[in-house]
Amino acid sequence: MDRLFFHLEQMTRLRTRGEAEVALLVALHDLLDLRGASFHRLFMPPGDILVGLIAHVDDAGVERHGDDMAWADDPVSIECRPHLQACLASHGASHDHAGGHARLTLPVPSSGTPFGFVTLESAQPLAADDPVIGGLIAVFDSHRRLLDYAEVDTLTGLLNRKTFDESVLHILSRLDVASDVESGALHLP
């Protein structure tokens, strides 16, 4: 029980979606003794449905792909990920096997369309209605909605000033300073 509360505290104290997504995966991996856990985010540009791997957790550690400022690294059509496509089509859990492991894929809810998908790999099949899995995903979804509420103007749907400023500074801090100097671009601290 202490581990559960530890993970709930870790997940809900974070202030970015990406960090909370990783904390969700770490909690599921630890509490359910999984082989691996992945978070795929759903992107819906006009005329297509794309998915991108955001994070993967296994015994070797955490792999992050992309950040909160952009789409995932190398998003692909959902048709390239049949387990995610089945989950989206059924609006519920999808069970299959991959690499000799049982795989459970669950939608992460949002208003109408899933926000993303959590994929859990284990030695034995997992139950989609497991209260630990459902509870952690529900807490994550509530926390994500609070982050959205705090960061987005409800009238315009745009980031509020504080979040916009933080986003711009984050993007600028990731720019390659060496190429800025070579090109003669203005160097920002």
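The side chains of Asp-141 and Arg-145 meet in a salt bridge, with N and O 2.9 Å apart; the term means a side-chain nitrogen of Lys or Arg within 4 Å of a carboxyl oxygen of Asp or Glu. Asp-141 also bridges to Arg-144, where the closest N and O atoms are 2.7 Å apart.

Asp-141 and Arg-144 are 3 residues apart in helix α4 (residues 131-151), about one helical turn. Helices are DSSP runs of H or I with at least four residues, numbered from the N terminus. Asp-141 is buried at 7% relative accessible area, and Arg-144 is buried at 3%, whereas Arg-145 is partly exposed at 39%. Buried means under 20% relative accessible area, exposed over 50%, and partly exposed in between (1.4 Å probe, protein chains only).

## Basis of the values

This is a predicted model: local features need pLDDT of at least 70, side-chain atom pairs count only at pLDDT 80 or more, and totals for chains, interfaces and linings use all residues. Residues are numbered from 1 along each chain as its sequence is written, and side-chain values use heavy atoms, with hydrogens and water left out.

## Other salt bridges

The whole structure has 7 salt bridges. One of them joins Arg-3 to Asp-30, with the closest N and O atoms 3.2 Å apart. Arg-3 lies in helix α1 (residues 2-13) and Asp-30 in helix α2 (residues 17-32), so the pair ties together parts 27 residues apart in sequence.

## Cysteines

The count of disulfides is 0, a disulfide being a pair of cysteine sulfur atoms within 2.5 Å. Cys-80 is partly exposed at 49%, while Cys-87 is buried at 1%.

Methods: Helices (H or I, at least four residues) and strands (E, at least two) are DSSP runs, numbered from the N terminus.
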